[in-house]
Amino acid sequence: MSEQFRVVFSGFKPGTDSQAATEQLAAKLKVSAQKVADFTTGKSLFGPADKQKCLKQAKLLAVYGFQSKLQSQSQPSAGSDTAQSAANERVFDALDYITSSLIRIEEKLDELEQRIDGKQVKDEQHEEDEWEDESLFSELELDSEPPKRSKKFLYILLSLLVLLLVVLGISLAFPELVPM
C-alpha cells in the first residue's frame, strides 16, 4: 500500500483577500464557500491521496492564494478511523450535493410547468378571440370598391413635377443665370 497524504491549510499568501480567495476556490471546485472556510479552520477539503495528487491539489490552492502543506497519513490505527470519517464525510457531502441538485431541478420543473400552463391559457384565450374576430369579419362588406378619387389632384401634382424638371433643366443648361 502506498503512503497516503492530505493537504492541510497553513495560511494565505501575503496580499491575498481571504474572502475573495475563498469564493473563487469554492466556485472552481463547485463546493460551498462554507466548506472552503472550514478548510481554513483545520478541516480537510480533499480526501487522502497519493503524493502526486496531493501536490496537484496544493498547486491548485496556491493559484488562489492559499498556502498549504502535505501531511502524511502513515498511522494505521488512527489513519483508518480518520479515513473512515473522511469517507463518511465525503458521502454526506455527495448526498448534500445530490439533494441540492434535485431541489434545483424540481424548481426548474415547477417553473417550466407554470410557463406551459400560462401558454395553454393564452392559447385558449387566443382561440376564443379568433372565434369572436371571425364573427366581426362576417358583418363587414369586403367586396365594396374604394371610392374613386378625383383625378384633378393627380394632374396638379404631375404638372408641378414637369414644371420643376423644366426649371432644373434650365439651371443645368445655363448655370450663369442662377445667382450664387
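Phe9, Phe12, Phe39 and Phe66 form one aromatic cluster. The model here is a predicted one, where local features need pLDDT of at least 70, side-chain atom pairs count only at pLDDT 80 or more, and totals for chains, interfaces and linings use all residues. Residues are numbered from 1 along each chain as its sequence is written, and side-chain values use heavy atoms, with hydrogens and water left out.

Back to the rings. A pair of aromatic rings is described by the distance of the centres and the angle of the planes. Rings of Phe, Tyr and Trp (its six-membered ring) pair if their centres lie within 6.5 Å; planes under 30 degrees apart are stacked, over 60 edge-to-face, and the rest tilted. By this rule there are 5 aromatic pairs. One of them joins Phe9 and Phe66, edge-to-face, with 6.0 Å from centre to centre and 70° between the planes. Phe9 sits in strand β1 and Phe66 in strand β2 (residues 66-72), so this pair links distant parts of the chain, 57 residues apart. Helices here are DSSP runs of H or I with at least four residues, strands are runs of E with at least two, and both are numbered from the N terminus.

Because Phe39 lies in helix α2 and Phe66 in strand β2, the pair ties together parts that are 27 residues apart in sequence. Phe39 is buried, at 0% relative accessibility.

Next, the core. A nonpolar core is a set of buried Ala, Val, Leu, Ile, Met, Phe, Trp, Tyr and Cys residues joined through side-chain atoms within 4.5 Å. The largest one has 15 residues, and Val7, Leu25, Val36, Phe39, Leu45, Leu61 and Phe66 have the most contacts inside it. Two or more residues each come from β1 (5-12), α1 (18-29), α2 (33-40) and α3 (51-63). Contact means heavy atoms within 4.5 Å. Not counting residues up to four places away in sequence, Val7 touches a list of residues including Phe39, Cys54, Leu61 and Leu70.

Now the largest pocket. On a 1 Å grid over the protein atoms alone, a pocket is an open set of points where a 1.4 Å probe fits, with protein on both sides within 12 Å along at least five of seven lines; lining residues have an atom within 4 Å of a point. Its volume is about 510 Å³, taken as the space filled by probe spheres set on the points, which are joined across faces, edges and corners. Which residues lie nearest its centre? Of the 19 lining residues, these are Lys30, Val31, Lys35, Asp93 and Ala94. Helix α4 (residues 76-139) gives the most to the lining, with 8 residues.

Lys35 lies in helix α2 and is buried, with a relative accessible area of 19%. Leaving aside neighbours within four places in sequence, Lys35 is in contact with Leu45, Glu89 and Asp93.

Last, a residue at the surface. Gln52, in helix α3, is exposed at 54% relative accessible area.

Terms used:
Buried < 20%, exposed > 50% of the residue type's maximum accessible area, 1.4 Å probe, protein only.
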